[in-house]
Amino acid sequence: MHGSKAASPPGRDEALDVGCGRGELLALLAGRFTAAHGIDVDPAMRLASAARCAGLPNVTVDETPLERVPAGKDVVTMIAVLHHLDLVPALRQVSRILKPGGRFLCVGLARPDSVVDQAWDVASMLTNPVIGFVKHPWVAQQPASAIPPFPVRDPEYTIAQIRTALRQTMPGAMLRRQLGFRHTVEWTKPVVSSAT
């Protein structure tokens with residue numbers, strides 16, 4: 001019974017990490033879900049992610065397109081990935097993939113477009129080096145050749161455009177600005193009652 005599906009807590013069956021990168025989040029998800037699936041279009045990122053999760057039998061890493069991921073996931077995560085995708089179609093796919101009651105958790109980047117955006121960017125410029133040093137004080141000691149670089153793309157969508165897309169595809173989603181040039185999105189897919 002230990003480790004069986006029946007023993008797993010409700011809502012902890014399947015997790016999907018979109019753009020799994022080097023596999024840090026995927027490895028964490030593997031410890032909390034029965035199955036953790038990472039997808040990434042970049043071959044170097046898939047290799048790095050698969051290597052990090054090599055000892056975790058409940059992890060799969062591949063290049064499945066978002067539109068071909070089967071529905072029924074309990075959680076979908078994205079870290080600095082949404083700006084690499086077509087915004088509205090990607091959000092619609094996430095909504096399809098999640099089971100009712102499932103959660104979408106996203107850390108994203110946006111293009112500054114207003115005075116408020118500029119103010120947040122200035123605050124991030126001042127605090128980012130300090131936050132980075134506190135969280136990773138020895139990161140410079142790692143050999144650069146051992147870590148594949150993340151694919152980089154400048155964000156195209158503004159916070160206002162992301163809010164509009166969320167209203168269209170994920171009503172009730174919470175978007176919050178964060179320091180470090182980031183924002184977060186949290187959404188729980190509604191559970192539709194069968195009662196009329």
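This is a guided tour of the model, stop by stop.

**Ground rules.** The model is predicted: local features need pLDDT of at least 70, side-chain atom pairs count only at pLDDT 80 or more, and totals for chains, interfaces and linings use all residues. Residues are numbered from 1 along each chain as its sequence is written, and side-chain values use heavy atoms, with hydrogens and water left out.

**Colour by confidence.** pLDDT is the predictor's confidence in each residue, from 0 to 100. The chain averages 81. Of its residues, 71% score at least 70.

Select residues 1-9. Here pLDDT stays under 50. The model gives this stretch five contacts (heavy atoms within 4.5 Å) beyond four places in sequence. Next, select 119-144. pLDDT stays under 50 here too, with 17 contacts beyond four places in sequence. Where pLDDT is low, the predicted coordinates should not be read in detail.

**Switch to cartoon.** Helices (H or I, at least four residues) and strands (E, at least two) are DSSP runs, numbered from the N terminus. There are five helices and seven strands. Trace the chain and the order reads β-α-β-α-β-β-α-β-α-α-β-β. Of the contacts with a separation of 6 or more, 69% join residues 24 or more positions apart.

**Show the buried residues.** Buried means under 20% relative accessible area, exposed over 50%, partly exposed in between (1.4 Å probe, protein chains only). Buried residues make up 34% of the 196 in the chain.

**Select helix 3, residues 87-97.** Which of its residues are buried? Leu87, Ala90, Leu91, Val94, Ser95 and Ile97. They lie on the same side of helix 3, because they cover an arc of only 165° around the axis. The arc is that of the directions from the helix axis to the C-beta atoms. An α-helix has 3.6 residues a turn, so residues three or four places apart point the same way.

**Select the cysteines.** How many disulfides are there, taking a pair of cysteine sulfur atoms within 2.5 Å as the rule? The count is zero. Cysteine 53 is in no disulfide; its nearest cysteine sulfur, that of cysteine 20, is 7.7 Å away. Cysteine 53 counts as buried because its relative accessibility is 4%. Go on to cysteine 106, which is buried at 3%.

**Last stop: arginine 12 and phenylalanine 33.** Arginine 12 lies over the face of phenylalanine 33, at 5.7 Å from the ring centre. The rule asks for NZ of Lys or CZ of Arg within 6 Å of the ring centre and within 35 degrees of the ring normal.

Terms used. A disulfide is a pair of cysteine sulfur atoms within 2.5 Å.
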